[in-house]
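Thanks for coming, everyone. Have a look at this one on the screen.

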Amino acid sequence: MEIGIPKIRVDAADKVTGAAKYTGDLEPRDCLVARVVHSTIANGRVVSIDVSEAEKVPGVVRILTCFDVPDIQFPTPGHPWSVEAAHQDVSDRKLLNQRVRVYGDDIAAVVAVDDVAAARAVRAVRVEYEEYPACVTVDDALNSSAPPIHEEKPDNVLVRSTLSVGDMTFDEAAASEPDLLRLEKTYETQTVQHCHIEPPVSHAYMAGGKITVVTSTQIPHIVRRVIGQALGIPWGDVRVVKPYIGGGFGNKQDVLYEPLNAWLCQQVGGRCVKLEISREETLANTRVRHAIRFQVEAAVRPDGAVVARRLRADSNQGGYASHGHAIVANAANCFKQLYRDRKALEAQCRTVYTNIATGGAMRGYGIPQADFAAECMADDLAALVGMDPLEFRLFNCMGPDYEDPHTHVKFNSYGLKACMEKGAGFIGWKELREKYRDQTGPVRRGVGMAIFCYKTGVHPISLETASCRMLLNQDGSVQLQMGATEIGQGADTVFIQMAAECTGIPAGRIHIVSAQDTDTAPFDTGAYASRQTYVSGKAVKKTGAVFKKRILDYAAGMLSRPAEALDLRGGEIVDASSGAALLSLGEVAVTAFYSLDKSVHISAEETSHCKENTFASGVCFCEVEVDIPMGKVKVLNIVNVHDSGVLINPKLAEAQVHGGMSMGLGYALGEELLYDGKARPLNPNLLDYKLPTVMDTPKLNALFVEVPDPTGPFGNKALGEPPAIPVAPAVRNAVLHATGVAVDSLPLTPQKLVERFTQAGLI
């Protein structure tokens, strides 16, 4: 039995001793260094670039500008490719951009013998611009006088979409009963960055006519395809290698600088070129979580039953499409799915180009934003009807029979209400709600909650496919190869446990190849959407069954017994009935390799095209202390409870939840990328961008309700992203309980809280 065992990570020793090799550890000697020249305006056009002084800097090898790149626009999001043009991503950028759309846009690049020379040359480049007014907010971009950021979108709207549920419109439903209570509010979330430890870094070189790019990415096979598209070369002429990676959280689910690095390598005759992005460049010039404004309305009966809701969501896309409208569309789905609308639900969404940093994928993919709106609204509706927020949710949340009317994703296993009950007991919900009912004074306490649901992977909206390869070594151990990527979340450990479970070979005898090389690794679209244990796990299970059968078939020939009478347990060929050991796997392996009669290299490779999906769900409960005059929120106690099916490795599951909760606290209380009126970032560094530290973080508690999911390969479903989703609204709702003040935007900074408390007459 390997599933459900809290095994130590297979990469733990290498990571703590420094033996693990990251991209920066693998660069060849005498590697050239590239630096990017960034625009100093947010909206406009490059008229000319003078590189004459920069070229005089000793050590400069080549300077290339936006006027030199191929005339090819390409997409960057880490989505599977589609053979249908209507389902392909937006191609709206070049390797270097003459049309500037964000402050710090990539307009030129310097290649030099070392970083000092490259940095000096970058400072010596002189650029002349034609500057246009900058659009910082969605309202700026929607103003009729705003210049088009992309000429093909004159109104600056990338995509509009609508959805509805029920036979009535919202207005009809809201007028259909005489005693309905109405709520109308606006909730807003902010722009934040991923802040992974390892910045985007790659090095590229040519050998045998092929470009090899070694890079820190979540999506090596997709990076390969995009490099081919951007350079206009066959995809097979590109090789991408992904070593260990120091975090990504969705930023590296975008193809960031790999195409530019590959092209720079081409331009210097195939010599190795390293391109590492600084922390400041990462914060300002890669991808961010979309800021979204949610204008919501609801009609509710006096007994708390939700009758109808309406959502209008505007997503600030920034300068380029990246993952684009998929984010706010996913947010609208979340808003729809959490609660039962007895008569109607409407949603209208817009994704709007602006001139701030480009919005892309970030842990949760639009659901943290939508959950903030939906869960703030749930508490506000509960207050409107005088109902306990927990009871309101138990009464109105989706039930075990819920099926999304558009995607048809449903709960194949359901633990949401059990999660709420378990979390309420842990935090002492009823006692604390009563204890903190009528407080006075400058320091008050409160308790809040927020639920969530999250589908597992991207089917049916997009392709879900994964492959796995298993090879028997001469000593009876196994090589396990995955196209799915370990990005720090513990995937390699889980895949080994899965392989051991379905083959009968001990986990200690299975060696995983952690790095992915697109020339040799089986295909997988990568690490995102909490898909790997669910989607790639199906590939492991399918491959394991074939691999085990081939081993038993060979052993049957050695033993002159039918394969059906044999089994593989604990690395031994045994009698299926009695369990008596007959052969060691090592004996089978050495015979299969070296037999003069029948030499067979036993292996298996299978692809799983996943056409299933299911919901994971859960809740966060949070107790806070609010210093009203200081506008300071202190989290006293917090717990996440997750319905993620069977836990493959309970310790890794707990670690995933702790990490997500920490990100959620940063999102709730301090993190925000700020811009001035010209769309220039004001705090693109870790001094001014306020990440929570260990001193800001309370004890993080993780609990689980394990309901096996029949569609999961081992009863499991999504866990990677869900922990980051419900924390921010739970904190906000705890502040509401403590103070009676509903703060409807993130983050809950002291400045904002003092202003709201003053308006409410508490200060």
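A helix's expected span is 1.5 Å times one less than its number of residues. Helices here are DSSP runs of H or I with at least four residues, strands are E runs of at least two, and both are numbered from the N terminus.

Some ground rules. This is a predicted model, where local features need pLDDT of at least 70, side-chain atom pairs count only at pLDDT 80 or more, and totals for chains, interfaces and linings use all residues. Residues are numbered from 1 along each chain as its sequence is written, and side-chain values use heavy atoms, with hydrogens and water left out.

Now helix α17, residues 650-669. Its 20 residues reach 29 Å from first C-alpha to last, close to the expected 28 Å. Which residues of α17 are buried? Among them are Leu652, Val657, Met661, Leu665 and Tyr667. Buried means under 20% relative accessible area, with a 1.4 Å probe and protein chains only. Against what do they pack? The buried residues of α17 pack against helices α10, α14 and α18, and against strands β26 and β27. Contact means heavy atoms within 4.5 Å.

Zoom out. The protein chain has 19 helices and 27 strands. Its radius of gyration is 27 Å, close to the 27 Å from the globule rule for 763 residues, so the chain is as compact as a globular protein of that length. That radius runs over C-alpha atoms; the rule is 2.2 Å times the number of residues to the power 0.38. Buried residues make up 62% of the 763. Of contacts with a separation of 6 or more, 80% join residues 24 or more positions apart.

Note on methods. Buried means under 20% relative accessible area, exposed over 50%, partly exposed in between (1.4 Å probe, protein chains only).
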